[in-house]
Amino acid sequence: MFGKYARIAVCLGIATAFTACHQNEAPDPIGSAIHEDVPVALNTTRTLVVKLTGDGASAARVNFAGKTLRPNANNIVTFEGAEKKGDLKVTGDGLIEQNIKDLDFGDRTSMVIEVNVVSSVSDIIISQTDAENGTDVTNDNDNQKTTGGVKSKLNVGGTNPTYTGTKRDYSMVVYTPIATPITETAPDQSYVRSPYAVDCQPSGTQFSVENPAHIELEIPGLGEIGNSDDVAFRFGDTAENALTKAVEGNFLKADVTHFSAWNVIISAKCTGITEGSQIVATGALNAGDNKVDYKEFAGFESDVRGILAVWLKLLYGSTKTEVNKSTTINAPSAGSYTISQKTYTISFRAGSKTFSVVTYGETTCTVNYTGNVTPDTKPVPVPTHNGGSND
């Protein structure tokens, strides 16, 4: 996951052939040796887990690499035996569509992505006349709950806007744009994500530089970062910044000259990484094929809250999540296995806020047994059956 520090759970296959302990030597005819901590490769399929949150989660449809599933009772969709690469789309009637083009597992066997699914239509609609006369436009209560307490306010009083279409009523919806989880983290590297976007309607409305529209967002945790260059307010996926931007406590205030989607951008710099490891499964082996079920972890753990917690979800996919996996270990004789997973404690700084996170990397397996052969761990292709489950 982190360059020279890690690679996420490489999907390898365990071969069923074995060679002599030394390539040019025959097996010892006198007796068997004790082999400890012999690495073997894990033969497992790719698993994509999509965790849906927000007021539109239960109505969403999730499509990955051409296969569509609906969420289960816990608003989770699981693609077992997933393709290595494909488009991820989250859609639904009346919902803001979210998508990632060419989502790539890389070397990962497990990926978990949390998607904030919200209604595209607000319960609070302000007429053109009222809005232009100075009535505030705000996001509704459901949208505030969906976004973890983010409150938005728009004022266009006295701006004399121009409209590109016939729609003239005003509304605001806040949501978290979907993002691809990173596969590497490196010291001294800065990472940029948009924890929140503000969809302002009517789309295409324009204002003059002299009389721009004014937007205010109250975002839990923003004040810990402060009025820093690590906080920006930009139009969509472009480099266009708002005319003005100020952070006052948990409030972001900005002036813009057009609609619709403006993104709150947070940049944080990695200041250090510490590597560790944890055992995720152990057990006994019999001679021959052994089916082994285990769990590996994806996502992150951290005590940060508010906007930085959302930022971490975008960077690493989700909060810590167990993913069910299985493999087959072909043992030459009775013995035992240990499956371990690398961990990384990573420090960041955003503005005046320092924080840390624990993430999860490569899963590996070692075996102990008595015998006169050692396993051949030559990789084989990862199996894929393009299946899925919403159970």
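Student: How many salt bridges does a search of the whole structure find?

Tutor: The search turns up 11 salt bridges. Here a salt bridge is a side-chain nitrogen of Lys or Arg within 4 Å of a carboxyl oxygen of Asp or Glu. Keep in mind that this is a predicted model, where local features need pLDDT of at least 70, side-chain atom pairs count only at pLDDT 80 or more, and totals for chains, interfaces and linings use all residues. Residues are numbered from 1 along each chain as its sequence is written, and side-chain values use heavy atoms, with hydrogens and water left out.

Student: OK, which residue does K291 meet in a salt bridge?

Tutor: D293, with 2.7 Å from N to O. Both K291 and D293 are exposed; that word means over 50% relative accessible area, while buried means under 20% and partly exposed is in between (1.4 Å probe, protein chains only).

Student: And what does K320 pair with?

Tutor: The side chain of K320 meets E301 in a salt bridge, at 3.8 Å from N to O. K320 sits in the loop between α4 (307–316) and β21 (321–331) and E301 in strand β20 (residues 300–301), so this pair ties together parts 19 residues apart in sequence. The helix and strand labels are DSSP runs numbered from the N terminus: H or I of at least four residues for helices, E of at least two for strands.

Student: How accessible is K320, and how about E301?

Tutor: K320 is partly exposed at 34% relative accessible area. E301 is partly exposed too, at 37%.

Student: What about K342, where is its partner E362?

Tutor: Their side chains meet in a salt bridge at 3.9 Å, N to O. K342 is in strand β22 (residues 335–350) and E362 in strand β23 (residues 353–371), so the pair ties together parts that are 20 residues apart in sequence. K342 is partly exposed with a relative accessible area of 26%, whereas E362 is buried at 18%.

Student: Which residues are linked with K342 and E362 in a network of salt bridges?

Tutor: E275 is the one that joins K342 and E362 in that network.

Student: Switching to cysteines, how many disulfides does the count come to?

Tutor: Zero, if a disulfide is a pair of cysteine sulfur atoms within 2.5 Å.

Student: Is C200 buried or exposed? And C365, buried or exposed?

Tutor: C200 counts as buried, at 0% relative accessibility. C365 is buried as well, with a relative accessible area of 2%.

Student: Now the sheets. What order do the strands take in the open sheet of three?

Tutor: The order is β6-β3-β9, with mixed pairing. The edges are β6 (76–80) and β9 (110–116), each with a single partner strand, so one side of each has no neighbour in the sheet. Two strands count as paired if DSSP finds at least two bridges between them.

Student: How many bridges join β3 to β6?

Tutor: Five, and β3 (residues 47–53) and β6 run antiparallel. Across that pairing, L48 stands opposite F79 in β6.

Student: What about the open sheet of four strands, which order is that?

Tutor: β5-β4-β7-β8, and the pairing is antiparallel. At the edges stand β5 and β8 (98–104), each with a single partner strand, so one side of each is left without a neighbour in the sheet. Further in, β4 (residues 61–64) and β7 (residues 85–91) pair in the antiparallel sense over four bridges, and N63 is opposite K89 in β7.

Student: What is phi of N75 near, and of N160?

Tutor: N75 has phi near 60°, a positive value in a residue other than glycine, and is found in the loop between β5 (67–69) and β6. For N160, phi is near 55°, again positive in a non-glycine residue. N160 is in the loop between β11 (151–155) and β12 (171–175), and is exposed with a relative accessible area of 68%.
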